[in-house]
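The entries follow the order in which I looked things up.

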Amino acid sequence: IMDEICKIKDLYRTLYIFEKDFQQKYKITINEAMLLCALKDGQPRSANELCEFIGLSNSRGSRIINTSEAKKLIDREMGKDDKRKMIFTLSDSGKIKVSEMAKEELVISNQLRDLLK
């Protein structure tokens, strides 16, 4: 079991470095990028749908939604049928960010690639 624990530690460390580099380059976090990914098809989504897509709890997902909204990457509007339900879409800035990132190639370090094998 110790070998597996050590591999998990190495994976966490490598992912931390990857996320830090990603955030510096794109000015968004991995979770914010996943939120943009959930909305890139142009379909409005509720907070619950976004949290499920990203794979985060509602409270953690709400923080990601709030930071993405503060960065003007997404727009919020009230639901048509249920005014308590918020619906999210990509803002114009979010669409630009998605378009810019779609042109990029994700560079994964050899260390991370080796750990994923």
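Entry 1. I began with a term: a nonpolar core is a set of buried Ala, Val, Leu, Ile, Met, Phe, Trp, Tyr and Cys residues joined through side-chain atoms within 4.5 Å. I note that the model is a predicted one.

Entry 2. I looked up the largest nonpolar core, which has 19 residues. Phe 22, Ile 28, Leu 35, Leu 50 and Ile 74 touch the most other members. Two or more residues come from each of α1 (2–26), α2 (30–39), α3, α4 and β3 (86–90). The largest share, six residues, is given by α2.

Entry 3. I then followed Leu 35. Beyond its neighbours within four places in sequence, Leu 35 contacts Leu 50, Ile 54, Ile 64, Ile 65, Ser 68 and Ile 74.

Entry 4. I asked how α2 and α4 cross. Their axes come within 10 Å, at an angle of roughly 80 degrees. Angles of 65 to 115 degrees count as roughly perpendicular, so α2 is roughly perpendicular to α4. From α2, Asn 31, Glu 32 and Leu 35 meet Arg 60, Ile 64, Ile 65, Thr 67 and Ser 68 of α4. I sorted this contact by class: three residues are nonpolar, three polar and two charged.

Entry 5. I turned to α3 (residues 47–54) and α4 (residues 58–70), whose axes come within 9 Å and cross at roughly 100 degrees. Helix α3 is therefore roughly perpendicular to α4. Ala 47, Asn 48, Leu 50 and Cys 51 of α3 make the contact with Asn 58, Gly 61, Ser 62 and Ile 65 of α4.

Conventions: Residues numbered from 1 in each chain as written. Predicted model: local features only at pLDDT ≥ 70, side-chain atom pairs only at ≥ 80, totals over all residues. Heavy atoms only, no water. Axes fitted to C-alpha atoms, helices over the stretch in contact; angles between N-to-C directions. Helix = DSSP H or I, 4+ residues; strand = E, 2+ residues; numbered from the N terminus. Parallel < 35°, antiparallel > 145°, perpendicular 65-115°, else oblique. Contact = heavy atoms within 4.5 Å. Buried < 20%, exposed > 50% of the residue type's maximum accessible area, 1.4 Å probe, protein only. Nonpolar A, V, L, I, M, F, W, Y, C, P; charged D, E, K, R; others polar.
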